[in-house]
Structures are given as C-alpha cells and as structure tokens.
Amino acid sequence: MIIVTGGSGKVGRAAVKHLMERGYDIASIDQARPAGLSNPPKPTDVNFTRADITDFGQVMAAFSGINGRVEKPVTGIVHLGAIASPGEAPDHEIFEVNTISTYNVFEAARRLGIRNVVWASSETLYGVPYQEGPAYVPVDEEITEPQWSYSLSKLMGEKMAEQFARWDKAAKIIGLRFSNVQEEKDYANFPSYQADAKTRHFNLWTYIDARDAAQAIRLALESKVTGAHVFGIANSNSVMTRGNDALLDEVFPGTPRKHKLLPNESLISIEKAKRVLGYRPEYDWKP
Ligand SMILES: NC(=O)c1ccc[n+]([C@@H]2O[C@H](COP(=O)([O-])OP(=O)(O)OC[C@H]3O[C@@H](n4cnc5c(N)ncnc54)[C@H](O)[C@@H]3O)[C@@H](O)[C@H]2O)c1
C-alpha cells in the first residue's frame, strides 16, 4: 500500500488516479474529502481518511494502519499535502505548516521503517519568481535560491531529507521540484499568454501537466536509488509559441545559455529526471 498525503489536491488527484490505474493500492490522507467520494465508498473509490498532517500523532496513526481499514503494510509515501502557494495563508503559517508536516511525514516514515518517500518540492527553489534573470538556462538542480517563505519551507524539506537519508542509508527520499502545475482544462488559457512575454516569465515560461507530474511520482516511487535526491519536473516544451532566445533577449537579456537552446525547450532542465528516473513527459498543451 502507498499512502498519498494531499490526495484531494491538484497533483494528488492525478497521482492517485495514475497509481490506481497502474495497480497500486492507495490510501489518501487529506484535510479535505476527495470530490465525488460516495458514502459509503464504492470499491473503486480511493481509500480516504481525513487527517491533519501537521499533527504528528495523526500522521503516525495514518501511516500505521489508516484506522484499521488497511491490512497491507505501507511500503511507500507520496507526500503532497501542503499549503501549495504563497498567498494561501500568511507567510509564517505557510512556513510552519509545510515544514512541520514534512518533518512529521519523514519522521513517521523513519519510525515505521517506510524507506520509500516521494515528496513535492518546488520550482520556486530555482529562484522563481524571477525579477532578474537566472544565473543560466536551462536552470537545474544546482540552483537553490528561495525568494519566498513558501520556497524556504521547501528548502527546509530538501535539507531535512538529506539528514533523514544520512540517518538511514537504506532510505530513499526523492523531492520533485515541480513546475507550475496545469490540468487539461487549464490549456484553454494558454493562447492568452502568447502576446506578452511578461505574462509567464516568472517561471521561465514552463509548466507541468498534472498527469506528467503523476508519471514522475510513480517513477520516483519505483526507482531503486537510495539517499536524498531532487529532480526538476517540467514538460518538454514551454507555454509559448515564440522561441526561447527571443523571449530571453526581450525579458532577461544576457542570460548565459548552458547549451544552444531549442526554440521551445523547457528552461527548467528535466535532463536529470530523464537520465535517472526514465521520465518522459507525455502531454503537451498544443492540440
Ligand atoms: N500547484 C503547483 O503549481 C505546484 C508547483 C510546485 C510544487 N507544488 C507542490 O505540490 C504539492 C501539491 O500541490 P497541489 O497543487 O496539488 O496543491 P493543492 O492545494 O491542490 O493540494 C494540496 C492538498 O493538501 C491538503 N492539505 C493542506 N494542508 C493539510 C494538512 N495540514 N493536513 C492534511 N492535508 C492538508 C489540502 O487539503 C489539499 O487537498 C504541494 O506540496 C505544492 O507545494 C505545487
């Protein structure tokens, strides 16, 4: 059994669906009920338990048996529950909720011997939102420049992961630095981005389809690596029709290129995720 925290959210819904379609037994824990859950649940519904992951006791209880409704041992955790963007709460609360809940998840997993943890870090660790340009493009996992309390909470997660992985050398804790997550219905907005290079420059015109985020989560769960690792996760292309060189020259002139850019390649590097996890984005905003 795999437990997904935040399974009712945007990424969580896609991850739960994708993993269940691939035959995984999933239990979702979230403060919010998943939309469309029947009462009593149908056999095809996700096994859902309401829990507050800022409370260590609730996380321990959830990971060790989900109220006795789950008999199989928990073999992996997908941790997506969070206050998912700046502005959703005062900064100090975002920092507190995200940092404490990630600690609770890592610590409960360690105490219960669950050595397979995948969690959501964020593109904001690349310095998003950019006021000035990045140090170079495509940005990669070498860059860690949080600009917000939200991003600082994600950096705390990455730092904690390194230490938890040092305490248990057999553990795997993979942080996925997702780009801005899009569902299929969001693609209707994309044509409105094309005229103005400064509509989506904040994250270098990148995006991640929630279904590809789910693919990356599954590949991270299935990966045989040990230790703490982070991966940039975006789609292959940008949200724009105009080429990268023209966009950079207009908005962030002089930005060094790590290689000759393809016209619409993602300026968040997904090279490491492709190489190590076998990640291959399958969805594209272009019809
Ligand atoms: N959406 C994006 O563009 C984006 C980009 C990069 C990273 N991320 C990260 O990906 C993860 C998922 O994001 P999302 O877009 O699905 O967000 P979302 O807001 O749609 O979902 C987050 C879920 O977490 C749950 N949650 C919040 N606090 C909780 C608590 N204390 N206890 C239990 N559940 C709680 C919420 O009820 C919600 O269902 C988050 O960690 C977010 O920071 C998101």
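Predicted model: local features only at pLDDT ≥ 70, side-chain atom pairs only at ≥ 80, totals over all residues.
Visitor: At what angle do the axes of helix H1 and helix H5 cross?
Guide: Helix H1 covers residues 10–21 and helix H5 covers residues 210–222. Two packed helices are described by the angle between their axes and the distance between the axes. Here the axes come within 8 Å, and they cross at roughly 60°.

Visitor: Is H1 parallel or oblique to H5?
Guide: The axes of H1 and H5 cross at roughly 60°. Angles under 35 degrees count as roughly parallel, and 65 to 115 as roughly perpendicular, so an angle between those ranges falls into the remaining class. That makes H1 oblique to H5.

Visitor: Which residues of H5 does H1 meet?
Guide: From H1, the residues in the contact are Lys10, Val11, Ala14, Ala15, His18 and Leu19. By class, the contact of H1 with H5 has 9 nonpolar, 2 polar and 3 charged residues. On the H5 side the residues are Ala210, Arg211, Ala213, Ala214, Gln215, Ile217, Arg218 and Leu221.

Visitor: How far apart are the end C-alpha atoms of H1?
Guide: H1 has 12 residues, and at 1.5 Å a residue they should span 16 Å. The value from the model agrees with this, because the end C-alpha atoms are 17 Å apart.

Visitor: Which elements do the buried residues of H1 pack against?
Guide: The buried residues in H1 are Val11, Gly12, Ala14, Ala15, Val16, His18 and Leu19. Their partners include helix H5. The others are strand E1 (2–5), strand E2 (26–30), strand E4 (76–79), strand E6 (172–178) and strand E7 (181–182).

Visitor: Is H3 roughly parallel or oblique to H4?
Guide: Helix H3 (residues 91–111) and helix H4 (residues 149–167) have axes 8 Å apart, at an angle of about 20°. Angles under 35 degrees count as roughly parallel. That makes H3 roughly parallel to H4.

Visitor: Which residues does Ser153 touch, not counting residues up to four places away in sequence?
Guide: Ser153 is found in helix H4, and its relative accessible area is 2%. The cut-off for buried is under 20%, so Ser153 is buried. Ser153 also belongs to the contact of H3 with H4. The residues it touches are Ile94, Phe95, Asn98 and Thr99.

Visitor: What is the handedness of the crossing of H2 and H3?
Guide: The axes of H2 and H3 come within 9 Å and cross at roughly 45°. H2 and H3 are therefore oblique to each other. In the contact, Phe56, Val59, Met60 and Phe63 in H2 meet H3 residues, among them Asn104 and Val105. The crossing is right-handed.

Visitor: Is Asp52 buried or partly exposed?
Guide: Asp52 sits in the loop between strand E3 (47–50) and helix H2 (56–63). Leaving aside neighbours within four places in sequence, Asp52 is in contact with Gln31, Gln58 and Val59. Buried means under 20% relative accessible area and exposed over 50%, so the 23% of Asp52 lies in between. Asp52 is partly exposed.

Visitor: Which residues does Val251 touch, not counting residues up to four places away in sequence?
Guide: Val251 lies in helix H6 (residues 244–251). At 13% relative accessibility, Val251 counts as buried. The residues it touches are Ala197, Lys198, His201 and Trp205.

Visitor: What is the omega of the peptide bond from Val137 to Pro138?
Guide: Pro138 is in the loop between E5 and H4. Pro129 is also found in the loop between strand E5 (116–122) and H4, and the bond from Val128 to Pro129 is cis with omega near 5°. The bond from Val137 to Pro138 is cis, with omega near -10°.

Visitor: What is the phi of Trp205?
Guide: Trp205 is in the loop between E7 and E8, and at 0% relative accessibility Trp205 counts as buried. Leu204 is found in the loop between E7 and strand E8 (208–209), and phi of Leu204 is near 60°. Trp205 is not a glycine, yet its phi is positive, at about 65°.

Note on methods: Residues numbered from 1 in each chain as written. Heavy atoms only, no water. Axes fitted to C-alpha atoms, helices over the stretch in contact; angles between N-to-C directions. Helix = DSSP H or I, 4+ residues; strand = E, 2+ residues; numbered from the N terminus. Parallel < 35°, antiparallel > 145°, perpendicular 65-115°, else oblique. Contact = heavy atoms within 4.5 Å. Nonpolar A, V, L, I, M, F, W, Y, C, P; charged D, E, K, R; others polar. Expected span 1.5 Å × (residues − 1). Buried < 20%, exposed > 50% of the residue type's maximum accessible area, 1.4 Å probe, protein only. Left-handed = near helix turned anticlockwise from the far one by under 90°.
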